[in-house]
Amino acid sequence: MHRKKFIQNTGAILAGGMLARPGFAELLKADPVFGQNEKRYTLNRNWVQAQPADLPVNDCHEMLQDSRGHIVLLTNETKNNVIFFDKSGMPVNGWGHEFPGAHGFSKAGEGSDEHFYITDTERHQVFKTTPAGRIIRQWNYPAETGKYENAAAFVPTETAIAANGDMYVADGYGAQYIIHYDAAGTIKNIFGGRGPEPQHLDNAHGICIDERTAPATLLITDRTRCCFKRFSLNGDYMETITLPGACVCRPVIKGGYLYAAVLRSPSMNTDNSGFVIILNRENKVISVIGGAEPEYENGQPKPFYQTVQLFKHPHDVLVDDEDNLYVCQWNSGKAYPYKFTPVV
Amino acid sequence: MLAPFAALAQDSLRLSPPQTPVERLFAGCGNTVPFEFRMKGAVIRYTTNGREPDEQSPVYTTPLPAVTPGFIRAKAFCNGFMPSVSRTVQIIAPGLPVDSIIADTSSPQYRATGNSALHDGRLGGRQLNEHWLGYNKTNFTITIYPGRKKKIRRMGISMLRQQGSWIFLPATVTVYNEKGKPLVVLKTPYPEQPAADETVLLTLNIPAKKYKRLTLKAEAIPALPAWHGGSGNMGWLFVDEVLVW
């Protein structure tokens, strides 16, 4: 969509947005503080300055911050799959009508070299786009690995791009493999898959590169089993970070901390039970937003659960360049993302 | 001055209910009910008379003894938030001892300890391979030999609803006397919509008598409902305990 047309269309949104701003009465009431220790926040549920009639969303799956500082949302609403907001919540641009299963959203590069990576669970494909929405490359199901009989078996949920340009694709709703491509886009390795051993995965929903370790490693979600699993960049299993009761979505690392939306708790069978979890460099949970405060016994965390009905099904956390958090949700009444501001 | 403004303030968030590891347990035997809610500034308030807890209800500090059959309810409270809905734990009166219970043979993978599982005083949870007898058929029958020791006026059958695993409550439960005459029929509502996982104690009142033999028959819904992913297929019936009082 052309940027100018998008702004014209949001003219009506601005008027509606003014009426939606918090009033004097709301400012009188002290805002509750969410989270614990050094990661505490106040909440703004009305951050997005728009109305659904003008700016529709469906499941708000994932977000990133682009090189220009915009907060960018990926939704499977094909009226506008990708929506750019400024930090005040004003929509400033949007594009995308061809991603009905838009799910994973990550980026690589900066400035003119910046690209987005989108996984589509309905098209069974991975896409590399420019920030303006031009598709410059797409990957179909990895037939050459011999692990997939057809496209339907490949349901990619996430990508992660390493410093050398290698790409890792998590098939989190399909056969649970991690497919490793080199920077030219050719398959180098495949690992993970279903099974009971530590190196196996069940709902490998998210993946990220962890540059806090030397050398860098991969952190991969095993959502059914409420944990993250660390692998080397070559696909060798290293360790499990157990988070009892927390069905985590993708790991997001910023400033030494690991953030994750917890979709449901204690298992994937319980509706409207999500919260957000934050771990420090030692993989210890130090803050839970909307859930049980962290407590450790004999070095193990006590099970986590929702304590405040703040979220239904949080699906991703974005941490911006000022350490604000944005949390978007799946299957939550088409809710817009919430913004959390750090309390110093 | 601030009170009218407080009334206009943005909606408060509601708390989630306190946690407890069990949904129901037998009274006595030293059984206790623990609750937990890890949130600074929050308290748990509870009742043991089945009523909804409120701001005047006692504050929970230590696990509550399961003494009186009925319901223990607990809610979380915290300034600045709306109280949670209740978390409920059912306290069940232990049944009278019986001579024996003989059930139809259940599916091999859900056999627990066989007939004795139905009167061992242990209630099943959400782990299907513990304490439950599972039947993938249209009905099952359980025969109880009370031993004519005491008058029996009520029966209970503890069952499971876990629709995601194709486990539904029975459509009907019928109790027959020694002569095969039906004493009472209990009907459950047809599952028009999905319902949450739950362990349920179905109870039936029968004429008070020292019975020599009682037969209990549970009939499944004809097939999984239209809204279910397995619609048209046969579902499962799961039972973990049969009680007489």
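**Cysteines, nonpolar cores and aromatic contacts**

A search of the whole structure, a predicted model, finds 0 disulfides over all chains. A:Cys249 illustrates the point. The nearest cysteine sulfur belongs to A:Cys247 and is 8.8 Å away. The cut-off for a disulfide is 2.5 Å, so A:Cys249 is in no disulfide. A:Cys249 is buried, with a relative accessible area of 0%. B:Cys29, in contrast, is exposed, at 73%.

The largest nonpolar core has 43 residues. Those with the most contacts inside this core are A:Phe34, A:Tyr259, A:Ile289, A:Leu310, A:Leu325, A:Phe340 and B:Phe35. Strand β21 of chain A, residues 257-264, gives the most to the core, with 4 residues. A second, separate core has 30 residues. Among them are B:Leu133, B:Ile206, B:Leu214 and B:Leu216.

Over all chains, the search finds 22 aromatic pairs. One of them joins B:Trp132 and B:Phe238. Their ring centres are 6.3 Å apart, with 55° between the planes, and the pair is tilted. B:Trp132 lies in the loop between β7 (100-103) and β8 (133-135) of chain B. B:Phe238 lies in strand β15 (residues 237-244) of chain B. The pair therefore ties together parts that are 106 residues apart in sequence. Both partners are buried: B:Trp132 has a relative accessible area of 0%, and B:Phe238 has 1%.

B:Tyr135 and B:Phe140 form another pair. Here the ring centres are 4.4 Å apart and the planes meet at 20°, so the pair is stacked. B:Tyr135 is buried at 1% relative accessible area. B:Phe140 is buried too, at 0%.

Charged groups also sit over aromatic rings. In chain A, the charged end of A:Lys284 sits over the ring of A:Tyr296, 5.0 Å from the ring centre. In chain B, B:Arg154 lies over the face of B:Trp245, at 4.3 Å from the ring centre.

Definitions and conventions:
Residues are numbered from 1 along each chain as its sequence is written. Chains are lettered from A and ligands numbered from 1 in the order in which they are written. This is a predicted model: local features need pLDDT of at least 70, side-chain atom pairs count only at pLDDT 80 or more; totals for chains, interfaces and linings use all residues. Side-chain values use heavy atoms; hydrogens and water are left out. A nonpolar core is a set of buried Ala, Val, Leu, Ile, Met, Phe, Trp, Tyr and Cys residues joined through side-chain atoms within 4.5 Å. Buried means under 20% relative accessible area, exposed over 50%, partly exposed in between (1.4 Å probe, protein chains only). Helices (H or I, at least four residues) and strands (E, at least two) are DSSP runs, numbered from the N terminus. Rings of Phe, Tyr and Trp (its six-membered ring) pair if their centres lie within 6.5 Å; planes under 30 degrees apart count as stacked, over 60 as edge-to-face and the rest as tilted. A charge sits over a ring if NZ of Lys or CZ of Arg is within 6 Å of the ring centre and within 35 degrees of the ring normal.
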